[in-house]
Amino acid sequence: MADQNDYTVQPGDTLSAIAAKNNTTVSQLVALNNIDNPRLIYPGQQLKLKASDATVQADDAEKFFSELWIRVTDSNDKPIPNLKTTVVTSSGEHEHITDKNGDLPAVHTLTPDEKVHVYVFKLDGGKKKVAELKPPSGTHQPIVRSPKAKVSIPLRVHEGGADHQASAPVPLAPTEVQHNRDTAGNPVVNVGVECPNSHNLRLGANVKYRDYILKASERSGIMPQGVAALIEAEAGKMPAIHEQVPVISKKTGKPVLQHGKPMMRTIRKPNPEWNPSIVNSIGAAGLTQFLPDAWKEVATYSDSALHQRCAELAAQHGVHHLSDSQILHLRLDPEMSILTAADYAAHNIKALGKEGYNVDAITGPNRAKLGYFLHHEGVQGATYIIDGTLTDTAGRRLLRTQLKSNGSDGSAEAEAYMAANHIYGAAAYRKWIFDYVDKKINAKYFACDASKIDEPLLMEKIEAMLK
């Protein structure tokens with residue numbers, strides 16, 4: 001049961017309203033609960049309202065730039081427990097054993113440039129480097145994924161001839177295991193893995209959406225990894241996992257004691273699984289967080305999957321048109337959400353081409369970036385930025401809008417951003433949106449073999465190719 005320092009988010013809540021009711025501030029709630037997007041909270045979410053004395057002391061005991069909760073998994077994203085590892089940071093070498101969830105104890109970096117090197121011990125002796133990480137600030141849970149999968153092989157009586165041809169492996173879904181025999185009667189274990197596959201697409205925790213993403217890619221002409229990146233950029237995630245862990249002293253490497261007992265703190269491990277049911281405080285909903293007006297607009301496109309679905313449902317209900325509420329409810333259908341995001345991106349790219357821009361030159365992973373830029377700005381807004389006709393007044397207004405939160409109108413944040421980058425008005429907003437797209441859309445992240453996907457261009461280069 002939640003104590004007096006906890007609050008359960010109710011339908012219609014906003015961070016500003018919660019802060020006002022509980023004598024705190026939005027910025028304190030954001031920091032205390034590691035909230036990535038202050039505008040995205042959901043009913044049932046548990047929030048800490050204030051730091052306990054132990055948390056305050058813990059903060060004094062541990063100061064760091066980033067905190068990593070590294071998880072080691074097999075090729076099907078199943079945790080690998082009891083794996084002996086060595087983690088190397090600027091503070092030295094640290095040997096750990098993964099727990100039942102495949103997790104290592106918290107790894108801290110102290111500066112933005114510090115790297116984390118992860119080694120695993122091999123069965124035949126020695127160590128193998130499996131990852132090199134350069135984390136951003138904050139708390140993160142990177143996945144270190146093995147290309148192999150471990151399965152148990154039970155003894156069984158085999159009757160009859162071969163049920164497996166070595167030249168034709170049995171097609172299996174990820175994580176599915178079959179025990180067969182080859183033509184010589186030898187036992188063969190087939191394990192379904194996500195990678196490699198003919199589309200070079202890795203979705204991990206979101207593999208259930210694979211067919212929808214492939215369908216969306218075929219409809220839009222955006223590579224499947226790019227479609228997945230578009231969804232990742234907008235989708236809310238399933239509730240994070242909160243765990244109590246001991247506070248570790250940087251000086252001794254041992255737990256910090258309080259009244260003879262280890263001091264504990266709550267850490268938040270991000271959940272990578274997309275949540276198709278989120279409706280945020282400004283009315284955006286579904287995997288791709290469509291606002292009502294944009295969703296209803298796509299429903300009018302005669303060639304969109306959403307338009308086709310609406311027509312099918314209207315016919316089933318014996319009406320000419322669905323109501324607005326029925327159309328908007330489809331945002332919570334994962335298939336419709338994914339297909340509509342891709343259709344919207346393709347429609348906007350085509351519209352930009354009709355304005356005379358060289359959209360055909362933008363291919364591969366860059367096409368997803370262009371689609372997201374247009375999703376964010378709209379075709380008309382994008383042309384102002386590309387042509388350099390965005391006014392300084394409009395640039396300041398857009399920057400304030402993007403940087404505002406429930407506790408601020410964004411003015412102070414916008415001024416600080418412009419001062420820090422020594423650019424103002426339209427130039428400042430152009431830099432902000434280009435950096436934002438460059439950071440948010442990375443098709444290579446969703447590839448089994450990232451080396452087979454071209455390195456995406458920066459938005460500045462894409463802009464130059466459009467002209």
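Which helices each supply at least two residues of the lining of the largest cavity? Before the answer, a word on how the model is described. This is a predicted model, in which local features need pLDDT of at least 70 and side-chain atom pairs count only at pLDDT 80 or more, while totals for chains, interfaces and linings use all residues. Residues are numbered from 1 along each chain as its sequence is written, and side-chain values use heavy atoms, with hydrogens and water left out.

The helices in question are α5 (224–234), α9 (334–354) and α10 (365–387), where helices (H or I, at least four residues) and strands (E, at least two) are DSSP runs, numbered from the N terminus. A cavity here is a set of points, on a 1 Å grid over the protein atoms alone, where a 1.4 Å probe fits but cannot get out, and its lining residues have an atom within 4 Å of a point. Searching the whole structure gives one cavity of 30 Å³ or more, and the volume of the largest cavity is about 60 Å³, a volume being the space filled by probe spheres set on the points, which are joined across faces, edges and corners. Its lining consists of L230, E234, T288, A341, A345, G371, Y372 and H375, and α10 gives the largest share, three residues. Sorted by class, the lining has four nonpolar, three polar and one charged residues, with Ala, Val, Leu, Ile, Met, Phe, Trp, Tyr, Cys and Pro counted as nonpolar, Asp, Glu, Lys and Arg as charged, and the others, Gly among them, as polar.

We turn next to a sheet. Four strands form an open sheet in the order β6-β5-β8-β9, with antiparallel pairing, and its edge strands, β6 (92–97) and β9 (127–133), each pair on one side only. From one strand to the next the twist averages 25 degrees, taken between axes that are lines fitted to C-alpha atoms, with angles running from 0 to 180 degrees between N-to-C directions. Two strands pair if DSSP finds at least two bridges between them; β8 (residues 116–121) is joined to β9 by six bridges and to β5 (residues 84–89) by four. Within these pairings, V116 has L133 in β9 as its bridge partner, whereas T85 is partnered by V120 in β8.

In a regular strand the side chains alternate between the two faces of the sheet.

Finally, the whole structure holds one disulfide, a term for a pair of cysteine sulfur atoms within 2.5 Å. The sulfur atoms of C195 and C448, which form this link, lie 1.8 Å apart. The pair links distant parts of the chain, 253 residues apart, with C195 in the loop between β13 (187–191) and α4 (210–220) and C448 in the loop between α13 (425–440) and α14 (459–466). C195 counts as buried because its relative accessibility is 11%, whereas C448, at 23%, counts as partly exposed.

Conventions. Buried < 20%, exposed > 50% of the residue type's maximum accessible area, 1.4 Å probe, protein only. 1 Å grid on protein atoms, 1.4 Å probe; cavity = no way out; pocket = protein on both sides within 12 Å on 5 of 7 lines; lining within 4 Å.
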